[in-house]
Amino acid sequence: MRSTWTGGTALTADSEQLALAVHESRDGAFERLVARFETSLFNYANRLLQSPLDAQEVVQDAFVRAHHALTSQYDGRRVRELALKPWLFRIARNLSLNRRRGHNHDLERPLSEFDDGRIGPLVPAISVTGIVEAREERDALERAIESLPDDARELIVLRFMEEMSYQEIAKCTGQTESALRGRVFRSLKLLRAALSEGEAQSCNAETC
Amino acid sequence: MQCRNVLTHIDAMRTDEIDSQDRDRIRQHLDDCPSCEESVTDLEGFAALARSLRHSPSESLAERVCSSVLDSYDSFDLDGDRVWVAFSSAGLRMVDIAAADESDFRERYRKRFGRELRRAPIPENCRKSVEAAMLGLPIGLDAIDFSGLTEFERDVLTTIRKIPRGEVRPYAWVARAVRRPRAIRAVGNVMANNPMPFVLPCHRVVPSSGGVGNYAFGPDRKRRVLRSEGAPIELLDSLAREGVRFVGSATTRIYCFPSCRDARRIREENRVPFRSAEDAARKGFRACLRCMPETASA
Ligand SMILES: [Zn+2]
Ligand SMILES: [Zn+2]
């Protein structure tokens, strides 16, 4: 599975080039930036806010701010030193958090210690092709992700959907890499718990 | 190594974000611990699946973002010219007939405004405004996006809109009109960098000493545009040769710029030439309220 992972350093040099191109107002640079990150940022914001409308606004705002910073605020040196991907995610994160405050949610709350005393499997044994075909299982996973606490859901998104390295996630969320390892682990365990809870509920509903 | 400790590291190990010492110890543990080994498999399965769970934005998002941040450009042919137009949602930003191609126009725009352009079809009202402007017709201010220009540039560029079609005014007149009578050279710079020729009629601004002066598209083009608008180019040339800058009427005792509509109505036998506004005033002539020639006597 390692070969499918696209995070890490492979895209970093490319991203730096892109940030610089936007800084210099090169032809099509900003459009390339938007094309590359719009799905990532939208998925992230939508997973944080669980509202597609709010997420669209956050992403639009994030791109506008990023463009302004890259073209009007930052000098060339700062742009060259910028880790573009986590920087963009951080902008979207802050905007999402601001929006959340109005809704009385708090992403900054520490992840509640979760330990059921078992170390067992992190995720249910689901075959990759199986879940894609099996809509029900996929929906179950989707519901389980939705039910996670904000901070656990955020890490699942950044680490597994957006394939960010621990270093990048650290830059985005402001946590240390070693703390993040523990948090990712606990997030996975929470996800597993949410999945088995969902399973139990659907069994009850079907009177099994 | 404890199972729990191992499990907090297997995800980082999955993507090679772990030092070799830890990796060796974890591998050792996994060889002996089926439960942890199973977790590794599950984790890889989940990681492979997770990306397909991403939510996608609506198709219009990128378009909305780009159109809110970037200015757009388009081009069209008009009377033998390829007209390049940059515009924002607030209106026209740049007009050019000298760009060699798309990238040349983008480069000119970048130099002028430090901003990137994207190709997009020009809105009908923008196109109509440019077409009208190139026929010498006045364009409403609401069709123009002045953002990115200095206050002085704005003042100068909105002032020259008041010069009627078929007439010209000296740089000094513009400088006076914006209450910066000494800033004649600065007015010249604004004219030279006018982002919207035709729309903001810098071709109607000429040197006090006569002649048509400089123009972004060359003096010949300037003459052609002025002539097409009905400005009395030949008359202005011959008056300039004689050092005549103003023309008065012996009957009304009012003096004008020679291209002023009122001046051109003066009959040949009543026409009184002046070399300066002071000269006219000394001989008891009043300045025309329409073309305000006294403002040019710097
Ligand atoms: Zn173990
Ligand atoms: Zn007059």
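**Close-up 1. B:Val272, a partly exposed residue of strand β9 in chain B**. In this predicted model, B:Val272 has a relative accessibility of 22% and therefore counts as partly exposed, since the partly exposed class lies between the buried limit of under 20% and the exposed limit of over 50%. The residue belongs to strand β9 of chain B, which covers residues 271-274. Apart from neighbours within four places in sequence, the contacts of B:Val272 are with B:Phe246, B:Val247, B:Gly248, B:Ala250 and B:Phe285. A further reference point for this view is B:Ile254, which is 18 residues from B:Val272 in sequence and 9.8 Å from it in space, C-alpha to C-alpha.

**Close-up 2. The tetrahedral site of the zinc ion (ligand 2)**. Four cysteines of chain B supply the protein donors through their SG atoms: B:Cys256, B:Cys260, B:Cys288 and B:Cys291. These donors lie 2.2 to 2.4 Å from the zinc ion (ligand 2). The angles among the 4 donor atoms run from 97 to 123°, and the spacing of the donor residues in sequence is C-x3-C-x27-C-x2-C. Distant parts of the chain are linked by the pair B:Cys260 and B:Cys291, which are 31 residues apart. B:Cys260 is in the loop between β8 (254-256) and β9 of chain B, whereas B:Cys291 is in the segment after β10 (286-287). B:Cys260 is buried because its relative accessible area is 0%; for B:Cys291 the value is likewise 0%, so this residue is also buried.

**Close-up 3. The tetrahedral site of the zinc ion (ligand 1)**. The zinc ion (ligand 1) is coordinated by SG atoms of B:Cys3, B:Cys33 and B:Cys36 and by the NE2 atom of B:His29. The coordinating distances are 2.1 to 2.3 Å. Among the 4 donor atoms the angles are 104 to 115°. Along the sequence, the donor residues follow the spacing C-x25-H-x3-C-x2-C. B:Cys33 has a relative accessibility of 11% and so counts as buried. B:Cys36 is buried because its relative accessible area is 0%.

**Close-up 4. B:Arg93, a buried arginine with polar side-chain contacts**. B:Arg93 is part of strand β3 of chain B, residues 91-96. Its relative accessible area is 3%, so B:Arg93 is buried. The side chain of B:Arg93 forms a polar contact with the side chain of B:Asp71 at 2.9 Å and another with the side chain of B:Ser147 at 2.7 Å. Beyond four places in sequence, the residues in contact with B:Arg93 also include B:Ala86, B:Phe87, B:Ser88, B:Tyr109, B:Phe113 and B:Arg115. Further along the chain, B:Asp145, B:Pro195 and B:Met196 are among the residues that B:Arg93 contacts.

**Close-up 5. The largest nonpolar core and a second, separate core**. The largest nonpolar core comprises 81 residues. A:Phe30, A:Leu33, A:Phe63, A:Leu84, A:Trp87 and A:Phe160 have the most contacts inside this core. Helix α2 of chain A, residues 29-49, gives the most to the core, with 11 residues. A:Trp87 touches A:Ala66, A:Ala69, A:Leu70, A:Tyr74 and A:Leu82, when residues up to four places away in sequence are not counted. The second core is separate and has 68 residues, among them B:Phe76, B:Phe87, B:Ile97 and B:Val174. Of these, B:Phe87 is also one of the residues in contact with B:Arg93.

Technical notes. Residues numbered from 1 in each chain as written. Chains lettered and ligands numbered in written order. Predicted model: local features only at pLDDT ≥ 70, side-chain atom pairs only at ≥ 80, totals over all residues. Heavy atoms only, no water. Core = buried A, V, L, I, M, F, W, Y, C linked by side-chain atoms within 4.5 Å. Buried < 20%, exposed > 50% of the residue type's maximum accessible area, 1.4 Å probe, protein only. Helix = DSSP H or I, 4+ residues; strand = E, 2+ residues; numbered from the N terminus. Contact = heavy atoms within 4.5 Å. Donors = N, O, S within 2.8 Å, 3.2 Å for Na, K, Ca; no water. Tetrahedral: all angles 85-135°; square planar, octahedral: opposite > 155°, others 65-115°. Polar contact = N/O pair within 3.5 Å; in protein donor to acceptor, adjacent residues only side chain to side chain.
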